[in-house]
Amino acid sequence: NGIGAVGAQHIAEALKLNATVTHLDLNYNIIVDVSAQHIAEVLKVNATVAKLDLSCNGIGAVGAQHIAEALKVNATVTQLDLGANGIGAVG
């Protein structure tokens with residue numbers, strides 16, 4: 001789809017008000033660390049998304065750390081796919 005930083009930020013803003021979307025598939029886009037940070041901020045307050053697919057993007061260690069911090073306070077996400085990103089051992 002080619003969703004990049006700006007698109008991910010718009011999706012994140014919409015998810016703040018979301019009460020129905022439970023599965024979000026953003027695989028094969030251009031989501032990088034800054035985009036992952038926007039999504040992570042939403043995960044801290046969103047209580048409906050249970051499945052999140054961020055595979056095959058450009059998320060690195062920093063983006064993974066943002067997602068991990070958000071998941072510490074999110075009790076809704078039960079499935080997360082970060083495969084085929086450049087996360088590495090630090091992330």
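This is a predicted model: local features need pLDDT of at least 70, side-chain atom pairs count only at pLDDT 80 or more; totals for chains, interfaces and linings use all residues.
Reader: How many salt bridges does the count come to?

Author: A pair counts when a side-chain nitrogen of Lys or Arg lies within 4 Å of a carboxyl oxygen of Asp or Glu. By this rule, the count of salt bridges comes to three.

Reader: Which residue forms a salt bridge with Glu-13?

Author: The closest N and O atoms of the pair are 3.3 Å apart, and the cut-off is 4 Å. The partner of Glu-13 is Lys-16.

Reader: Is Lys-16 buried, partly exposed or exposed?

Author: Buried means under 20% relative accessible area and exposed means over 50%. Lys-16 has a relative accessible area of 44%.

Reader: How far apart are the closest N and O atoms of Glu-41 and Lys-44?

Author: These two residues form a salt bridge. Glu-41 is partly exposed at 39% relative accessible area, and Lys-44 is partly exposed at 38%. The distance between their closest N and O atoms is 3.2 Å.

Reader: What is the relative accessible area of Lys-72?

Author: The side chain of Lys-72 meets that of Glu-69 in a salt bridge, with 2.9 Å from N to O. Glu-69 is partly exposed, with a relative accessible area of 44%. Lys-72 is exposed, which means a value over 50%. For Lys-72 the relative accessible area is 62%.

Conventions
Residues are numbered from 1 along each chain as its sequence is written. Side-chain values use heavy atoms; hydrogens and water are left out. Buried means under 20% relative accessible area, exposed over 50%, partly exposed in between (1.4 Å probe, protein chains only).
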